[in-house]
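Please look over the structure shown below before reading the notes on its helix packing, one of its pockets and its aromatic pairs.

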Amino acid sequence: MFTKWILGISFSAIALAGFSQTPIIAPNFDYLAGMAKDTYLMGKASVIADYAQKEPPRNEPDPLFILNYYARQYGVDFALGETLMWHESRYCQELDNPKSTASGCYQFLDITWESLCQKELGVEDVYNYRDNIQCAMWLIGKGGLSHWRADPNIEWMLKNKGFIK
């Protein structure tokens, strides 16, 4: 048995007699990404705990801090909010979809943003993390997951991760 390092990740492989190639056991990248996220969150635990109690500032640069506050406020599973934001924009608050009017970290269509987020909730800027996350958690908390389930890729992802049946 030997260990090979590729991009800082340890791969263990077993050489089997009679085989010309060595089977490699590949790492689970979802697991590694989860470990990185868990380590990140543990390192920020005290700040996250603070944001569970008070509203984050309007210019807060970290979407996970903001998500933690609004997910708790509207009774939404943090993991659901984080998974949706990752799938929609990879946490990019300034993302525009070139094929539609979808914008921001949760990819709100203009009509949804104007009619629900601005008029009913009173948030202003689709490109601001706090406004975008607050509106997404508010909608999901009201049972509004259908805004994202229209995309078959998101529907599949939500089922695969166990958020819906």
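Which residues in α4 meet which residues in α8? Leu80, Thr83, Leu84, His87 and Glu88 in α4 meet Asn153, Ile154, Met157 and Leu158 in α8, where contact means heavy atoms within 4.5 Å. This is a predicted model, in which local features need pLDDT of at least 70 and side-chain atom pairs count only at pLDDT 80 or more, while totals for chains, interfaces and linings use all residues. Residues are numbered from 1 along each chain as its sequence is written, and side-chain values use heavy atoms, with hydrogens and water left out.

- By class, the contact of α4 with α8 has five nonpolar, three polar and one charged residues.
- Helix α8 (residues 152-160) packs against α4 at an angle of about 145 degrees, with the axes 11 Å apart, and the crossing is right-handed; angles run from 0 to 180 degrees between N-to-C directions.

**Second largest pocket**
- About 300 Å³ of space lies in the second largest pocket, a pocket being an open set of points on a 1 Å grid where a 1.4 Å probe fits, with protein on both sides within 12 Å along at least five of seven lines.
- Of the 15 residues that line this pocket, Glu88, Gln107, Leu109, His147 and Trp148 are the closest to its centre, with lining residues having an atom within 4 Å of a point.
- At least two lining residues come from each of α4 (78-89) and α7 (146-149), and the lining divides into seven nonpolar, six polar and two charged residues.

**Aromatic pairs**
- The structure holds six aromatic pairs, counted for rings of Phe, Tyr and Trp (its six-membered ring) whose centres lie within 6.5 Å.
- One of them, Tyr70 with Tyr74, is stacked (planes under 30 degrees apart), at 6.3 Å centre to centre and 15 degrees between the planes.
- Both Tyr70 and Tyr74 lie in helix α3 (residues 63-74), four residues apart, about one turn of the helix, helices being DSSP runs (H or I) of at least four residues.

Note on methods. Points joined across faces, edges and corners; volume = space filled by probe spheres on them. Nonpolar A, V, L, I, M, F, W, Y, C, P; charged D, E, K, R; others polar. Left-handed = near helix turned anticlockwise from the far one by under 90°. Phe/Tyr/Trp six-rings, centres within 6.5 Å; stacked < 30°, edge-to-face > 60°.
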